[in-house]
Amino acid sequence: TRRPYLRQLVMVDEAHHVASDRGSYKGFLDAMLVENRKYGQGVLVATTSPSQLSQWLLKNTSIKVCHLLNDGRDIDLMPRFMVNKDEEDRFVSDFILLKIGEVMVRVSTRDHVEKTKVKVSA
C-alpha cells in the first residue's frame, strides 16, 4: 500500500562508509532510498565527504543540505547535484564561502537553491 506521508525515518551518519561511489552499482542503501519511499520510509544520510557518496544516491535524494565545502572534489560535485548546469559557476563561491550556521538547501520540488541559516548553539 502506498503511503503519502513519512512513517519511518532511517538515519545513516558517515554514509560514505555504507553507500560509497561504485559506479553504476546500486547498493542496499541506494535501493532502500527509492524502493521504500512508497511505504512511507525516508532515509536521511549525512557525510563529511559527499564526493565519496554513491552518485546514484545523490541523484535520488529529494532534499540536499550542504554546509561549507573545502575539498576540491566536493566543491566540484555538490553544485552539479544542487543547481542547474548553467548556474554551477555562479554558485561555486556560495558553497565555499559559507559561514558557521549557513547552509545551501535544495528541495527537489523547487527549481532553485537557497542559502539559509541554521541555529547553532554554543
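1. The hairpin. β4 and β5 make a hairpin, with five residues between the two strands. Strands here are DSSP runs of E with at least two residues, helices are runs of H or I with at least four, and both are numbered from the N terminus. Bear in mind that this is a predicted model, in which local features need pLDDT of at least 70, side-chain atom pairs count only at pLDDT 80 or more, and totals for chains, interfaces and linings use all residues. Residues are numbered from 1 along each chain as its sequence is written, and side-chain values use heavy atoms, with hydrogens and water left out.

2. β4 covers residues 102-107 and pairs with β5 in the antiparallel sense over five bridges; two strands count as paired if DSSP finds at least two bridges between them. On the β5 side, K115 is the bridge partner of M104, and T116 is that of V103.

3. The whole sheet. The sheet is open and has three strands in the order β3-β4-β5, with antiparallel pairing. β3 (63-66) and β5 (113-117) are at the edges with a single partner strand each, so one side of each has no neighbour in the sheet. From one strand to the next the twist averages 25 degrees. For angles, axes are lines fitted to C-alpha atoms (for helices, over the stretch in contact), and values run from 0 to 180 degrees between N-to-C directions.

4. The other pairing. β3 joins β4 in the antiparallel sense too, over four bridges. Here V65 sits opposite V105 of β4.

5. Burial of β4. Six of the six residues of β4 are buried, so the strand is largely enclosed by the rest of the structure. Buried means under 20% relative accessible area, exposed over 50% and partly exposed in between, using a 1.4 Å probe and protein chains only. In a regular strand, side chains alternate between the two faces of the sheet. In β4, E102, M104 and R106 point one way and V103, V105 and V107 the other way, and all are buried.

6. The helix across the sheet. α4 (residues 88-96) lies across β3, β4 and β5, and runs at about 135 degrees to β4.

7. A glutamate to look at. E88 lies in helix α4 and is buried, at a relative accessible area of 16%. Which residues does E88 contact, leaving aside neighbours within four places in sequence? They are P79, R80 and V83, where contact means heavy atoms within 4.5 Å. As for D76, it is 12 residues from E88 in sequence and 9.0 Å away in space, C-alpha to C-alpha.
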